[in-house]
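Subject: Structure handover

Hello,

I am passing a structure over to you. Please open it and keep it in view while you read. My notes follow below.

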Amino acid sequence: MTAVSLKSRLESGKALFSIEFFPPKSDTSAEQLLRTAEALKVYSPDFASITYGAGGSTRSRTLKYARHLSEDYGYAVMPHLTCVGHSREELRGIITEFREAGLGQIMALRGDPPKGETDFKPHPDGLNHANELVGLIHETFPECTVGVAGYPEMHPEASSPDIDLLNLKRKVDTGGHFVTTQLFFDNAKYFEFVNRTRQAKIEVPVLPGLMCVTSREQALRFCAMCGASMPAELDQQLLAAGGDAAAVEAVGIDWVYRQARELLERGAPGIHLYILNREGAAVTLMEKLKAAGFYKS
Ligand SMILES: Cc1cc2nc3c(=O)[nH]c(=O)nc-3n(C[C@H](O)[C@H](O)[C@H](O)COP(=O)(O)OP(=O)(O)OC[C@H]3O[C@@H](n4cnc5c(N)ncnc54)[C@H](O)[C@@H]3O)c2cc1C
């Protein structure tokens, strides 16, 4: 899918389906990613995004697997890019590499501080915030479709939800074409966030980011890292499933299915799945959504 068609797809009003990979570090995890890419192709994702690691540590791997997914599997790939550890010129170089690889969309992020550090410190010749990266992408690659991150439960560093929203508006006003949200397990947080974005005159699609829980400990770790909350009802169900991995996954699938259904019924522009490079839960979810009349080809 070209940049233009992703833009028009976003504007079409038809529910989008997208997935997020991370670049694997070993041969075994690379095989897992490619197996997942093969298994999920049948659901014709509108795009597959691939994350960018701390300090530019995955620069070459992000590009390598972005190309793989695009050239060998036919995905419209959206590589992520962060400002961490890069000068403005290095960022320009990476954006140019993405363009030359035929990748028509980029997710523009500031990134988290490297492990062991608490504050984000920009490169001396680098960028402070994602809105500056959005601007640099537009300067370097004007026809690119640009995604930006949004936080229904507020970015952990923000001093208030209103300030965080103003900062989201800067990213969109600089040229972010759509927002993908941080994961959330409580749809009320998403709907409230979308209402607030509309009141703030942020008019672009806000694509909800969902994750199927397959481990309570992992989900709690993610929540602690990104500031998402774990609803008491979900937590009780996960605790009741105990150490039974299949029972935990069944709880996770049922929860994310009910989330996805309600989001789509109430007008969300689609769903973006944080799949952690695994296909099982995503396949079950998509089959359930198709059986319920969503995403029929
Ligand atoms: C969909 C999604 C994908 C992600 N993918 C990756 C990835 O691939 N790699 C990775 O390392 N991390 C990734 N992250 C995590 C992300 O990098 C962190 O959440 C990071 O801390 C903030 O990135 P941002 O782009 O939202 O930053 P920003 O938009 O720059 O915001 C960071 C903080 O600064 C504030 N702020 C923003 N702009 C300004 C401004 N102009 N002036 C003052 N304050 C401002 C905001 O309110 C916020 O508190 C992702 C997150 C999401 C939601």
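In α4, the residues R88, L91, R92, I95 and T96 meet L133, L136, I137 and T140 of α5. By class, this contact of α4 with α5 holds five nonpolar, two polar and two charged residues. Please bear in mind that the model is predicted.

How do α4 and α5 cross? Helix α4 covers residues 88–100. Its axis and that of α5 come within 10 Å and cross at roughly 55°. That angle makes α4 oblique to α5. The crossing, as α4 passes α5, is right-handed.

Two glutamates in these helices are worth a look.

- E132 sits in helix α5, which spans residues 130–140. It is buried, because 20 other C-beta atoms lie within 10 Å; the cut-off for buried is 20 or more. E132 and L109 are 23 residues apart in sequence, and their C-alpha atoms are 9.5 Å apart in space.
- E89 lies in helix α4. It is exposed, because 9 other C-beta atoms lie within 10 Å; the cut-off for exposed is 12 or fewer. E89 and E279 are 190 residues apart along the chain, and 37 Å separates their C-alpha atoms.

Now the whole protein

How many helices and strands does the protein have? The secondary structure comes to 11 helices and eight strands. The radius of gyration is 18 Å, close to the 19 Å that the globule rule gives for 297 residues, so the protein is as compact as a globular protein of that length. Along the principal axes, the C-alpha atoms fill a box of roughly 50 × 45 × 40 Å.

Buried residues make up 43% of the 297 residues.

Go next to the later part of the chain. Two packed helices are described by the angle between their axes and the distance between the axes. Both values are given here for each pair.

Start with α9 and α10. Helix α9 is residues 232–241, and helix α10 is residues 245–265. They pack at an angle of about 160°, with their axes 8 Å apart. The two helices are therefore roughly antiparallel to each other. The crossing of α9 past α10 is right-handed. Which residues of α9 and α10 meet? From α9 come L234, Q237, L238 and A241. From α10 come A247, V248, V251 and W255. The residues of this contact of α9 with α10 divide into seven nonpolar, one polar and no charged.

Helix α10 also packs with α11. The axes of α10 and α11 come within 10 Å and cross at roughly 45°. That makes α10 oblique to α11. Here too there is a handedness to note: α10 passes α11 in a right-handed crossing. On the α10 side, the contact is made by E249, G252, I253, V256, Y257 and A260. On the α11 side, A281, T284, L285, K288 and L289 take part. By class, the contact of α10 with α11 has seven nonpolar, two polar and two charged residues.

Most residues other than glycine have a negative phi.

Phi of K201 is near 65°, a positive value in a residue other than glycine. Where is K201? It is in the loop between α7 (187–199) and β7 (206–210). K201 counts as exposed, because it has 9 C-beta neighbours inside 10 Å.

Phi of N277 is also positive, near 65°, and N277 is not a glycine. It belongs to the loop between β8 (270–274) and α11 (280–291). Is N277 buried or exposed? N277 counts as buried, because it has 20 C-beta neighbours inside 10 Å.

- the contact of α4 with α5, including R88 and L133;
- the contact of α9 with α10, including L234 and W255;
- the contact of α10 with α11, including E249 and K288;
- K201, in the loop between α7 and β7;
- N277, in the loop between β8 and α11.

Best wishes

Methods: Residues are numbered from 1 along each chain as its sequence is written. This is a predicted model: local features need pLDDT of at least 70, side-chain atom pairs count only at pLDDT 80 or more; totals for chains, interfaces and linings use all residues. Axes are lines fitted to C-alpha atoms, for helices over the stretch in contact, and angles run from 0 to 180 degrees between N-to-C directions. Helices (H or I, at least four residues) and strands (E, at least two) are DSSP runs, numbered from the N terminus. Angles under 35 degrees count as roughly parallel, over 145 as roughly antiparallel, 65 to 115 as roughly perpendicular and the rest as oblique. A crossing is left-handed if the near helix is turned anticlockwise from the far one by less than a right angle, and right-handed if clockwise. Two residues are in contact if their C-beta atoms, placed from the backbone, lie within 7 Å. Ala, Val, Leu, Ile, Met, Phe, Trp, Tyr, Cys and Pro count as nonpolar, Asp, Glu, Lys and Arg as charged, and the others, Gly among them, as polar. The radius of gyration is taken over C-alpha atoms; the globule rule is 2.2 Å times the number of residues to the power 0.38.
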